[in-house]
Amino acid sequence: PSDATENSVQANIVSAKYAITSLTSGPALTVGSSISLRATTACCTTRYIAHTGSTINTQVVSSSSSTALKQQASWTVRSGLANSACFSFESKDTPGSFIRHYNFELLLNANDGTKQFHEDATFCPQAGLNGQGSSIRSWSYPTRYFRHYNNVLYAASNGGVHTFDAANLFNDDVSWVISAGFA
């Protein structure tokens, strides 16, 4: 389907508050905790979700990494801005800025207080689709998950219309091991 059709269908799903499964599953998250999210794809198990400016990406992070990189790869778990049954992820090094999707790309943006931002920055963890850790599903687009593709993060759907929706390695690319934050 076209982006316009998919957006319309997703808007209807959201407005009806319809969910095909419970909003969250898998390992529990604790509001206020600091977390880091490690990729599970075989190529990338030393890479964590981080940011460079507003771009959400994966970077190699270890205990010997710089303090700045450790902070960029650490997130504070917050109650979901649009739905408290889910979560939002605030940057440790840029307080007040959250992971959000915009045109299906994940970005780090300051919370502008709008309903749209709150919906774009709310995510519902599920048991990892590849059997490891968690898969982080968009609250407003429930068929879309945090996916790393060429080291950049997207809200991707399995086999969708965009290049980053490719079915190959999808379940691995959307599964993350969540651990205590580096910072």
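Buried here means under 20% relative accessible area, exposed over 50%, and partly exposed in between, with a 1.4 Å probe and protein chains only. This is a predicted model, in which local features need pLDDT of at least 70, side-chain atom pairs count only at pLDDT 80 or more, and totals for chains, interfaces and linings use all residues. Residues are numbered from 1 along each chain as its sequence is written, and side-chain values use heavy atoms, with hydrogens and water left out.

**Stop 1: the disulfides**

Select the cysteines. The structure holds 2 disulfides, a disulfide being a pair of cysteine sulfur atoms within 2.5 Å. Numbered in sequence order, the bonded cysteines of the protein chain pair as 1-2, 3-4.

Take Cys86 and Cys124: both are buried, and their sulfur atoms are 1.9 Å apart. The torsion about the S-S bond of Cys86 and Cys124 is about 90 degrees, so this disulfide is right-handed. The pair links distant parts of the chain, 38 residues apart: Cys86 is in the loop between strand S4 (75-79) and strand S5 (87-91), Cys124 in strand S8 (residues 123-127). Strands (E, at least two residues) and helices (H or I, at least four) are DSSP runs, numbered from the N terminus.

Now select Cys43 and Cys44, joined with an S to S distance of 2.1 Å. Their link is left-handed, with -70 degrees about the S-S bond. Cys43 is exposed, at 61% relative accessible area, whereas Cys44 is buried, at 7%.

**Stop 2**

Select S6 (97-102) and S7 (residues 105-110). They pair in the antiparallel sense over 6 bridges; pairing requires at least two bridges found by DSSP between two strands. Arg100 stands opposite Leu107 in S7. Between the strands there are 2 residues, and Asn103 in this hairpin takes a positive phi near 55 degrees. Of the 6 residues in S6, 5 are buried.

**Stop 3: the largest pocket**

Which residues are closest to the centre of the largest pocket? Select His101, Gln116, Asp120, Ser140 and Tyr141, out of 21 lining residues. The space in this pocket is about 420 Å³. On a 1 Å grid over the protein atoms alone, a pocket is an open set of points where a 1.4 Å probe fits, with protein on both sides within 12 Å along at least five of seven lines; lining residues have an atom within 4 Å of a point. The volume is the space filled by probe spheres set on the points.

Next, colour helix H1 (3-15), strand S6 and helix H3 (115-120), which each supply at least two lining residues. H1 gives the most, with 6 residues.
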